[in-house]
Amino acid sequence: MSYDYDLFVIGAGSGGVRAARMSAGNGARVAVAEGTYLGGTCVNVGCVPKKLFVYGSHFAEDAEDARAYGWDFEGGPFDWPRLRDNKTREIERLNGIYRNLLDGAGVDIKWGRAVLEDPHHVRIGDEIFSTASVLIATGSWPTVPDLPGREHAITSNEAFYLERFPERAVVVGGGYIGVEFAGIFAGLGARTTLIYRGAMFLRGFDDEIREFVAAELDKKGIDLRFSTQVESIAAHGDARHLELDSGATLDTDLVLYATGRTPNTRGLGLETVGVALNERGGVLVDEFYRTSVGNVYAIGDVIDREQLTPVAIAEGMCIANNLFTDKPKRTVDYDLIPTAVFCQPNIGTVGLTEAAARERFGSDVDVFGADFKPMKHTLTGRDERTLMKLVVRRSDDRVIGAHMVGPEAGEIIQGLAVAMTAGATKEQFDRTIGIHPTAAEEFVTMRQPRSR
Ligand code: FAD
């Protein structure tokens with residue numbers, strides 16, 4: 001039977017665009033449906049605008065720090081509309097680049113919400129397309145829990161387009177998105193509170209890193225309220241009034257919920273077609289991203305594994321390889337995924353946390369660490385510290401975890417992730433010549449294990 005397409009991708013985000021382009025490059029006839037914006041979450045309301053805001057939020061401190069280096073800057077008022085609109089222009093430029101990439105690869109872009117009619121037919125409005133295979137790459141969407149006054153809260157989606165910048169902001173949530181937004185609001189001048197229901201935020205990160213970051217954010221004036229829940233939100237004009245479970249109340253100008261993202265599977269027709277979902281609505285897939293329906297695949301946030309752009313992209317590369325080449329089938333190695341949190345200072349991390357390593361390898365674990373004042377602040381006097389940590393399996397000397405809190409931690413950890421992917425040992429780290437004077441050189445000069 002001949003189909004209109006070999007592959008119909010639903011969702012032109014990080015994963016979908018990569019899978020579509022690479023599949024077309026491998027000779028497949030490909031279409032991609034997009035209901036909102038090219039580039040998906042990462043380009044439009046995720047990684048890219050977030051990082052631009054993070055850059056913006058550093059300048060107040062940079063201007064202060066510059067004084068110790070002989071520079072006096074006129075501290076002008078912060079102009080939110082200028083940052084917001086410059087960011088939006090850059091996003092629009094990137095939307096155009098994504099369109100050119102897809103056009104250049106010969107992928108047909110179909111605008112509109114796509115729905116699966118059956119495993120081989122996709123409907124967009126009145127049009128129906130037939131396809132040999134379908135790829136679900138519809139991402140995820142932020143959700144605000146059911147609580148009185150939830151309509152007075154915003155999510156990260158709206159935070160990128162605020163009409164006015166708030167004087168006071170409350171961020172609810174202890175994941176990386178919440179922590180990053182707390183840093184952005186505080187850095188741009190809002191009195192910021194971060195509320196998290198657990199005892200310590202950033203679950204899943206190394207415990208020492210979590211404590212260290214909490215101390216650094218506290219020094220920057222972010223009001224951290226752990227073991228706290230919001231019971232209700234009321235609107236008083238433009239202001240928001242929060243009742244907390246402790247009995248305390250909080251008045252603010254903006255409430256941002258970053259308490260989780262739900263896989264985008266509603267209304268896609270998956271139930272009709274018989275695609276199995278997990279309890280959160282995520283699409284269940286095997287190791288090669290095949291769903292319970294043989295010719296339907298899924299990648300990215302919608303499969304509810306790692307919600308990170310490079311992971312969605314890597315999964316998209318696997319699809320293009322597995323469906324449209326004769327090369328051996330590929331899957332993503334989820335064990336060594338480096339990641340950064342762009343709080344201030346940044347977190348960079350790859351591999352096992354100390355606790356996970358001890359749980360898996362017991363006493364066969366050495367931990368090396370360094371905790372110091374960054375050189376820049378020897379002049380500025382700013383009370384900010386850097387933490388670095390290596391987790392090593394003693395029996396084979398393999399470095400199995402690297403963690404850092406400090407300026408440009410993400411940039412530094414990316415290089416270590418290459419070494420660790422190649423199986424580097426602690427002895428090889430030690431033989432590596434440092435680059436002096438940098439913070440990164442500490443990773444190759446940690447001689448004495450801090451704990452065994
Ligand atoms: P998406 O990029 O979300 O793309 C899905 C696309 O599908 C969307 O464009 C959507 O409009 C479209 N779509 C959905 N349903 C349909 C339909 N029925 N028909 C047609 N189109 C449809 N990751 C990082 O690695 N680093 C970061 O620093 C980072 N920061 C982030 C900050 C924030 C605030 C957020 C929210 C996320 C961040 N992420 C980050 C996560 C990253 O953005 C996602 O993991 C990534 O975008 C997932 O890619 P995806 O292809 O699965 O989905």
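**Reading the salt bridges**

Author: In this predicted model, the side chains of Arg431 and Glu427 form a salt bridge, with 3.1 Å from N to O. The criterion is a side-chain nitrogen of Lys or Arg within 4 Å of a carboxyl oxygen of Asp or Glu. Both Arg431 and Glu427 belong to helix 13 (residues 426-431), where they are 4 residues apart, about one turn of the helix.

Reader: Are Arg431 and Glu427 buried, partly exposed or exposed?

Author: Arg431 counts as exposed because its relative accessibility is 57%, and Glu427 counts as partly exposed at 40%. The cut-off for exposed is over 50%.

Reader: What does the salt bridge between Glu180 and Lys50 tie together?

Author: The N to O distance in that pair is 2.7 Å. Glu180 lies in helix 6 (residues 176-187) and Lys50 in helix 3 (residues 47-66), so the bridge ties together parts that are 130 residues apart in sequence. Both Glu180 and Lys50 are buried.

Reader: How many salt bridges are there, and which residues are linked in a network?

Author: The count by this rule is 30 salt bridges. A network of salt bridges links Glu61, Glu64, Asp65, Lys220, Arg382 and Glu384.

Technical notes
Residues numbered from 1 in each chain as written. Predicted model: local features only at pLDDT ≥ 70, side-chain atom pairs only at ≥ 80, totals over all residues. Heavy atoms only, no water. Helix = DSSP H or I, 4+ residues; strand = E, 2+ residues; numbered from the N terminus. Buried < 20%, exposed > 50% of the residue type's maximum accessible area, 1.4 Å probe, protein only.
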